[in-house]
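I am opening a notebook page for this structure and will write down what I look up, entry by entry.

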Amino acid sequence: MNTGMLILLIIVILLIGGIAILLIKTFSMNEKIKKLKITSQKVNSLTLLQNFMEIIGNNLISSSEKINKINNILIEKYEIKYSTIVIFDGVKYKIEASNVNNKHWETFENLHSQDIFMESIKNATPKYITVDQGEKLPYLHMEFERAKSAIFFPMYADNICIGYWLIEGNQPHEFDNIDTTILEVINSNLISAIRTIKNQRTLENLVKIDETTGLYTYEYLYSKAIKTIDKYPTSIVSLVKIINLQQIEEKISKKTADAVIKQVTQFIKTNLSPEYFCIKYNENTLAIVFSGSDADGVGKFLEDIKNDIEKIKIKTFASLNESMNGLAVAPKLNIAMKTYYKQTALEEIVNVLNKYLKQAASNESDITCL
């Protein structure tokens, strides 16, 4: 072998070696990128879960607003073109959140009846569909160009389908290389969030207006009023019990007892600020929440209110004993109050106050700060 051939062979060997080294480095780099990508996705998932928890725990927003905020976070963090959350309300499938024009919502609310998704719902597994250029997704009826790829995630709770999450892209094969495992974890977190939010919605829907007093029932405190109450670090919660109301009803008449609680309610309502709440707690008790107030100020206010109310004279009527008609009765109050701290369990405070009033002596007429 002459010198020229030897030099050429050495050059070839060096080139091959260099290429091999480059290939190894490229492979190693790709593996590192994959690991970094997986790590990034995991961090995103943890951040997402934290965001979900912050939204769920925010008493200042309604259940519908919470689901919309969650959907917006999904779109932003995972750069999803279109995201739609559909929930089964017990009667029909209904869109809770979507960034797609609402003229297409009827299509989304009927995806469960599409053949292409039926198996996905039946087996509780995601379904990925996509098209090539010029084709359309089978469930689309209008704006064929809007979406070219989609992943359908059925949402199950206790073996019951409670809805589904649909993400869409505007490019063919857009989700071919996406890690569906991460998305399934997100879907699982989404299900947990929605179940919690649905509990809030149930409470919101339970709110009624008491026919006798015109006040909201106690559910109002935990669903609507809490949005205002939790604007402040602390508030004062009080229960006002009309201790002689049952006696008035039994010895005189139900209509007289109703007149008593109506007048007590009206007197309290006319003396409350807009951000204070008076609600009907039970048959003879009203709950008042003084948003952002302190115990000293509320104590003085309740003392004045109690003195004024107990001076009210209400004429009796509709008594079975006619000799008692036209007489005057006055309400007698027993009041308990306690400080509520923002984002803690308001219902526990109310329960403590109610327990105290139940166990108090039947003739106790005072203002007690617990």
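**Entry 1: the whole chain.** I note at the start that this is a predicted model, and I read every value below as computed from it. I counted the secondary structure elements and found 10 helices and 12 strands in the protein. Of the 370 residues, 43% are buried, and the protein exposes about 20600 Å², with carbon and sulfur atoms supplying 54% of that area. I then turned to the contacts with a separation of 6 or more, and residues 24 or more positions apart account for 64% of them.

**Entry 2: Lys-148.** Is Lys-148 buried or exposed? I looked up its relative accessibility, which is 2%, and because buried means under 20%, Lys-148 counts as buried. I located Lys-148 in the loop between strand 3 (127-130) and strand 4 (149-157). Which backbone atom lies 2.6 Å from a polar atom of the Lys-148 side chain? I found that it is the backbone oxygen of Glu-135. Setting aside the neighbours within four places in sequence, I listed the residues in contact with Lys-148: Thr-130, Val-131, Gly-134, Glu-135, Leu-137, Gly-169, Asn-170, Gln-171 and Pro-172.

**Entry 3: strand pairing.** I followed strand 11 (residues 333-341) and found that strand 6 (residues 234-242) pairs with it in the antiparallel sense over nine bridges. Within this pairing, I checked Ser-235, whose bridge partner in strand 11 is Tyr-340. Strand 11 is also joined to strand 12 (residues 367-369), by three bridges, and these two strands run parallel. Here I looked up Met-337, and its bridge partner in strand 12 is Cys-369. As a reminder for reading such strands, I wrote down that side chains in a regular strand alternate between the two faces of the sheet.

**Entry 4: aromatic rings.** I found 13 aromatic pairs in the structure. One of them is formed by Tyr-276 and Phe-290, edge-to-face, with 5.1 Å from centre to centre and 70° between the planes. This pair links distant parts of the chain, since Tyr-276 is in strand 7 (residues 276-282) and Phe-290 is in strand 8 (residues 285-290), 14 residues apart. I compared the accessibility of the two partners: Tyr-276 counts as partly exposed at 23%, whereas Phe-290 is buried, with a relative accessible area of 2%. I also noted one aromatic cluster, formed by Phe-88, Tyr-93, Phe-117, Tyr-139, Phe-152 and Tyr-164. A ring with a charge over it is that of Tyr-82, where the charged end of Arg-146 sits 4.8 Å from the ring centre.

**Entry 5: two alanines with positive phi.** I looked up Ala-124, which has a positive phi of about 55° although it is not a glycine. Ala-124 lies in the loop between helix 4 (115-123) and strand 3, and at 43% relative accessibility it counts as partly exposed. Ala-318 likewise has a positive phi, of about 60°, without being a glycine. I placed Ala-318 in the loop between strand 9 (314-315) and strand 10 (328-329), and its relative accessible area of 43% makes it partly exposed.

Notes. Residues are numbered from 1 along each chain as its sequence is written. This is a predicted model: local features need pLDDT of at least 70, side-chain atom pairs count only at pLDDT 80 or more; totals for chains, interfaces and linings use all residues. Side-chain values use heavy atoms; hydrogens and water are left out. Helices (H or I, at least four residues) and strands (E, at least two) are DSSP runs, numbered from the N terminus. Buried means under 20% relative accessible area, exposed over 50%, partly exposed in between (1.4 Å probe, protein chains only). A polar contact is a pair of N or O atoms within 3.5 Å; within protein, one must be able to donate a hydrogen and the other to accept it, and residues adjacent in sequence count only if both atoms are side-chain atoms. Contact means heavy atoms within 4.5 Å. Accessible areas come from the Shrake-Rupley method with a 1.4 Å probe; for residues, only the protein chains shown count as cover. Rings of Phe, Tyr and Trp (its six-membered ring) pair if their centres lie within 6.5 Å; planes under 30 degrees apart count as stacked, over 60 as edge-to-face and the rest as tilted. A charge sits over a ring if NZ of Lys or CZ of Arg is within 6 Å of the ring centre and within 35 degrees of the ring normal. Two strands pair if DSSP finds at least two bridges between them.
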